[in-house]
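Hi,

Here is the structure I promised to pass on.

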Amino acid sequence: MRGFLVRLLIIALGLWVADQLLAGIGFDSTGALIVSALLLGVVNAVIRPIILILTLPLTVLTLGLFILIVNGISLGLVAWLVPGFHIAGLWSATVGAIIVGLTSWAASAFVGGSGRIERLKRVEVTGRRIDA
């Protein structure tokens with residue numbers, strides 16, 4: 001449960017950063033931000049794979065770049081479903097999805113699957129062979 005809440009906060013952080021950086025994305029309240037983060041997680045888990053399968057030929061044709069548009073469509077769908085979350089258009093949604101993805105990737109690098117913050121370990125390399 002803790003991992004789920006941490007992931008929810010990471011997505012909410014990404015949405016907040018997108019709101020701060022882009023004029024085309026806006027939230028009326030913090031509640032709309034949290035609901036949007038929750039619904040974006042559901043949309044990415046359930047609806048996005050279906051859209052990816054349906055648009056697979058176009059994705060292959062564009063060498064994978066169409067996935068950015070699919071991510072923007074997913075974010076636009078969330079904005080359409082959540083009152084208080086506004087997106088100006090598809091390009092704002094696509095750039096917003098890129099910002100949310102980059103923010104989530106950066107924050108997830110420090111969080112494990114259980115929601116615990118992980119430290120990076122320094123490993124010394126020596127000339128000896130280590131059997132694990």
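Gly26 counts as buried, at 18% relative accessibility (buried means under 20% relative accessible area, exposed over 50%, and partly exposed in between, with a 1.4 Å probe and protein chains only). Before going on, please keep in mind that this is a predicted model, where local features need pLDDT of at least 70, side-chain atom pairs count only at pLDDT 80 or more, and totals for chains, interfaces and linings use all residues. Residues are numbered from 1 along each chain as its sequence is written, and side-chain values use heavy atoms, with hydrogens and water left out.

Back to Gly26: you'll find this glycine in strand 1, residues 25-27 (helices are DSSP runs of H or I with at least four residues, strands are runs of E with at least two, and both are numbered from the N terminus). Leaving aside residues up to four places away in sequence, Gly26 touches Asp19, Gly84, Phe85 and His86; contact here means heavy atoms within 4.5 Å. Trp16 is ten residues from Gly26 along the chain, and their C-alpha atoms are 8.8 Å apart.

Next, Thr94, which sits in helix 5 (residues 90-108). Thr94 is buried too, with a relative accessible area of 5%. Its contacts, again not counting residues up to four places away in sequence, are Leu68, Ile69 and Gly72.

Last one: Leu63 lies in the loop between helix 3 (56-61) and helix 4 (66-81). This leucine is exposed, with a relative accessible area of 79%. Its phi is near 55°, a positive value in a residue other than glycine.

Cheers
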